[in-house]
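Please look through the sequence and the model below before reading on.

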Amino acid sequence: MNLYNIKSEYINIAMQLTDGELTPELEQALEITEQNLHDKAINYGYVIKTLESEVDIVDAEIKRLQELKRSRLNAVEKLKTNITEAMELFGINEVKAPTFKLSFRKSESIECDEFVDSNYCTVKTSIAPDKVAIKQAIKDGKEVIGARLIVKNNLQIKWYRDWE
């Protein structure tokens, strides 16, 4: 029985209870539904633990691939620097191959010191809500327009080795 069916059956039993008394049949059905939910919850826990461990493996692989990418990008930059310095040393502006061409293109950029004439500066400001202060104000009974305190139940799974 899937979780949806367990919940639906439980709601159906609960509605029957509001209409009348707790019969032995309803009590037995309620126990079976609770046991089904208990068994299903345990299975969910195992699946969640498996998926979490897979996430750790994926994170490790992402880290490994990012390091490989960083290494490759560093190698590319080093090779570009080497060939640029060699071409400049020999005064060569272009090298042609059957499938590609190496050449220089002029570019310009501005490099600024720490202090630049204020006539050439822009001012950037940002406004963001102070969520810590808002939370405290709401908990203190104050009304904060445009904000509300949301309370959630976050499922946590503690494995036996975590209890120690």
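Which residues does Ala137 touch, not counting residues up to four places away in sequence? The residues are Lys142 and Val144, where a contact means heavy atoms within 4.5 Å. Ala137 itself lies in helix H3, which covers residues 131–139, and Ala137 is buried, with a relative accessible area of 17%. Here buried means under 20% relative accessible area, exposed means over 50%, and partly exposed lies in between, with a 1.4 Å probe and protein chains only.

This is a predicted model, in which local features need pLDDT of at least 70 and side-chain atom pairs count only at pLDDT 80 or more, while totals for chains, interfaces and linings use all residues. Residues are numbered from 1 along each chain as its sequence is written, and side-chain values use heavy atoms, with hydrogens and water left out. The pLDDT is the predictor's confidence in each residue, from 0 to 100; the protein averages 83, and 84% of the residues score at least 70. Confidence is lowest in helix H1 (residues 3–19), at a mean of 69, and highest in H3, at 94.

The protein has three helices and two strands, and along the sequence these follow the pattern α-α-β-β-α. Helices (H or I, at least four residues) and strands (E, at least two) are DSSP runs, numbered from the N terminus. Of the 164 residues, 5% count as buried, and the accessible surface comes to about 15800 Å², of which 55% belongs to carbon and sulfur atoms. Such areas come from the Shrake-Rupley method with a 1.4 Å probe, and for residues only the protein chains shown count as cover.

On the surface, Ile83, Leu89, Phe90, Ile92, Val95, Phe100 and Leu102 form a nonpolar patch with about 680 Å² of accessible area together.

The structure holds zero disulfides, a disulfide being a pair of cysteine sulfur atoms within 2.5 Å. Cys112 is in no disulfide, and the nearest cysteine sulfur, that of Cys121, is 7.7 Å away.

| Residue | Relative accessible area | Class |
|---|---|---|
| Ile83 | 38% | partly exposed |
| Cys112 | 53% | exposed |
| Cys121 | 45% | partly exposed |

Notes: Patches are made of residues with over 30% relative accessible area and no salt bridge: like charges are joined within 9 Å, nonpolar side chains (Val, Leu, Ile, Met, Phe, Trp, Tyr) within 5 Å. A salt bridge is a side-chain nitrogen of Lys or Arg within 4 Å of a carboxyl oxygen of Asp or Glu.
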